[in-house]
Amino acid sequence: MKLLRHGPAGAEKPALLAADGTVRDLSGVIADLSGEVLSDAGLARLAAIDPATLPEVTVDRIGACVPRPGKFICVGLNYADHAKETGKAPPDEPILFMKASSAVIGPNDDVEIPRGSLKADWEVELGVVIGTRAKYVSESEALKHVAGYCVVNDVSERAFQSERGGQWTKGKSHDTFGPTGPWLVTRDEVADPQNLALFLDVDGVRRQTGNTSTMIFGVAHLVSYISQFMTLEPGDVIATGTPPGVGMGIKPEPVFLTVGQTMRLGIEGLGEQRQTTIAARD
């Protein structure tokens, strides 16, 4: 299934994208795409519904495909070529940092350039949505705890990230820095999360092209690894790292985002996003 949330920010309703391209309302069946709904049993109940029996809805805005996550966990330098372009060695273990859950927005919402920003940047990433509680899970069992996958733009401010005391979270957590969606594509529809093409364009120029096959640490390893340090709960999101082509890695001079630009990004089978950059609001 391809599940989504639509409507005004803060008042989104759950829905599914039917095979015929129509969007069908789920608000009479579930309150939101959260909690037990994301378990295998919960998703199976949704899959058993004939979409034709659900009301068709017109979508004006798509929200983040899961409500504000309890944890938004990011993995740094998880593609060797990206590590190289940043001048860093590939890590021996996954590098983890957190993005504030208040950064999460819909896939096509505007992205703010923060006050004082000098180095705003883009990062297309495979997002993993947790479906059932995971603590000390093995790598062989890890994917059983995944509800599905989505597109994430891990928008970053590099000066805040690396030049303001070394705390990556500072450069990752500005409001709007976490476009997520458009869909939560359930695990059964993704045959191999380690073979998905990714891309990102800025103002029509292709900046990132990659494939999840080149991750240093795959999805199963990441879920298992992270569960050794914290309990993963339904609705938590893991952003698994970005392929090469970020602005800070462009030679001979880096290129960063300014107000009035457009990012378009997507992942094979998971849909596309499109954001316009704006000045930060109060």
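Predicted model: local features only at pLDDT ≥ 70, side-chain atom pairs only at ≥ 80, totals over all residues.
## The largest pocket

The largest pocket holds about 220 Å³ of space. Its lining is formed by 14 residues, of which Gly10, Glu12, Arg61, Val104 and Ile105 are the closest to the centre. Sorted by class, the lining of this pocket comprises six nonpolar, five charged and three polar residues.

## Aromatic pairs

A pair of aromatic rings is described by the distance of the centres and the angle of the planes. The count for this model comes to two aromatic pairs.

One of them joins Phe97 and Trp168, whose ring centres are 5.1 Å apart. The planes of Phe97 and Trp168 stand at 70 degrees, and angles over 60 degrees count as edge-to-face, so this pair is edge-to-face. Phe97 belongs to strand E6 (residues 95-98) and Trp168 to helix H5 (residues 168-172), so the pair ties together parts that are 71 residues apart in sequence. Phe97 is buried, with a relative accessible area of 7%, whereas Trp168 is partly exposed at 22%.

The rings of Tyr225 and Phe229 also form a pair, with centres 5.0 Å apart. Their planes lie at 55 degrees, so the pair is classed as tilted.

Terms used: Residues numbered from 1 in each chain as written. Heavy atoms only, no water. 1 Å grid on protein atoms, 1.4 Å probe; cavity = no way out; pocket = protein on both sides within 12 Å on 5 of 7 lines; lining within 4 Å. Points joined across faces, edges and corners; volume = space filled by probe spheres on them. Nonpolar A, V, L, I, M, F, W, Y, C, P; charged D, E, K, R; others polar. Phe/Tyr/Trp six-rings, centres within 6.5 Å; stacked < 30°, edge-to-face > 60°. Helix = DSSP H or I, 4+ residues; strand = E, 2+ residues; numbered from the N terminus. Buried < 20%, exposed > 50% of the residue type's maximum accessible area, 1.4 Å probe, protein only.
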